[in-house]
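This briefing covers a predicted model.

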Amino acid sequence: MDQETFNLSIRKFLKMVGVNSQREIEQAVQKALDGKLLRGDESLAAKVTLEMPSLGVKVPFSGEIKLK
């Protein structure tokens, strides 16, 4: 295994996940605000699951996104 290639590949994957996740969250929140489903001062529970089926990895991550 080439450690540098491995680390760069992980970083590229995480960057893609981060950028796309942020965009999806922003769009969903804006839509909910526009539709009056949110007031704009809420805290929203969020969770993500990292899965690597070929390795038997399934790890949940949870947190909170505050709007104010």
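In the residue classes used here, Ala, Val, Leu, Ile, Met, Phe, Trp, Tyr, Cys and Pro count as nonpolar, Asp, Glu, Lys and Arg as charged, and the others, Gly among them, as polar. On that basis, the lining of the largest pocket has nine nonpolar, two polar and one charged residues. The pocket draws on the helix α1 and on the strands β1 and β2, each of which supplies at least two lining residues.

**Largest pocket**
- The space in the largest pocket comes to about 320 Å³.
- Its lining consists of F13, L14, V17, S21, I25, A46, K47, V48, T49, L50, F61 and I65.
- The contributing elements span residues 3–34 for α1, 43–52 for β1 and 57–66 for β2.
- K47, one of the lining residues, has S62 in β2 as its bridge partner.

**Helix α1**
- The N-terminal end of α1 is capped by D2, which places a side-chain oxygen 3.0 Å from the backbone nitrogen of E4.
- I10 belongs to helix α1. With a relative accessibility of 35%, I10 counts as partly exposed, because that class runs between the buried limit of 20% and the exposed limit of 50%.
- I10 and M52 lie 42 residues apart along the chain, and their C-alpha atoms are separated by 13 Å.

**Loop between α1 and β1**
- K36 follows α1 and sits in the loop between α1 and β1.
- The phi of K36 is near 65°, which is a positive value in a residue other than glycine.
- K36 has a relative accessible area of 71% and is therefore exposed, the cut-off for that class being over 50%.
- E42 is also in the loop between α1 and β1. At a relative accessible area of 14%, E42 is buried, since the cut-off for burial is under 20%.
- The side chain of E42 comes to 2.8 Å from the backbone nitrogen of G40.

**Strands β1 and β2**
- The two strands pair in the antiparallel sense, and 10 bridges join β1 to β2.
- β1 and β2 make a hairpin with four residues between them. Within the turn, G56 has a positive phi of about 70°.
- The bridge partner of M52 is V57, in β2.
- Of the 10 residues of β2, the number buried is zero, so this strand lies largely in the open.
- G63 is a residue of strand β2 and is partly exposed, with a relative accessible area of 39%.
- From C-alpha to C-alpha, G63 and V48 are 8.9 Å apart in space, while 15 residues separate them in sequence.

**Points to check against the view**
- Which elements each supply at least two residues of the pocket lining? They are α1, β1 and β2.
- Is E42 buried or exposed? E42 is buried, at 14% relative accessible area.
- Which residue caps the N-terminal end of α1? D2 does, through a side-chain oxygen.
- Which residue in the turn of the hairpin has a positive phi? It is G56, with a phi of about 70°.

Conventions. Residues numbered from 1 in each chain as written. Predicted model: local features only at pLDDT ≥ 70, side-chain atom pairs only at ≥ 80, totals over all residues. Heavy atoms only, no water. 1 Å grid on protein atoms, 1.4 Å probe; cavity = no way out; pocket = protein on both sides within 12 Å on 5 of 7 lines; lining within 4 Å. Points joined across faces, edges and corners; volume = space filled by probe spheres on them. Polar contact = N/O pair within 3.5 Å; in protein donor to acceptor, adjacent residues only side chain to side chain. Buried < 20%, exposed > 50% of the residue type's maximum accessible area, 1.4 Å probe, protein only. Pairing = 2+ DSSP bridges.
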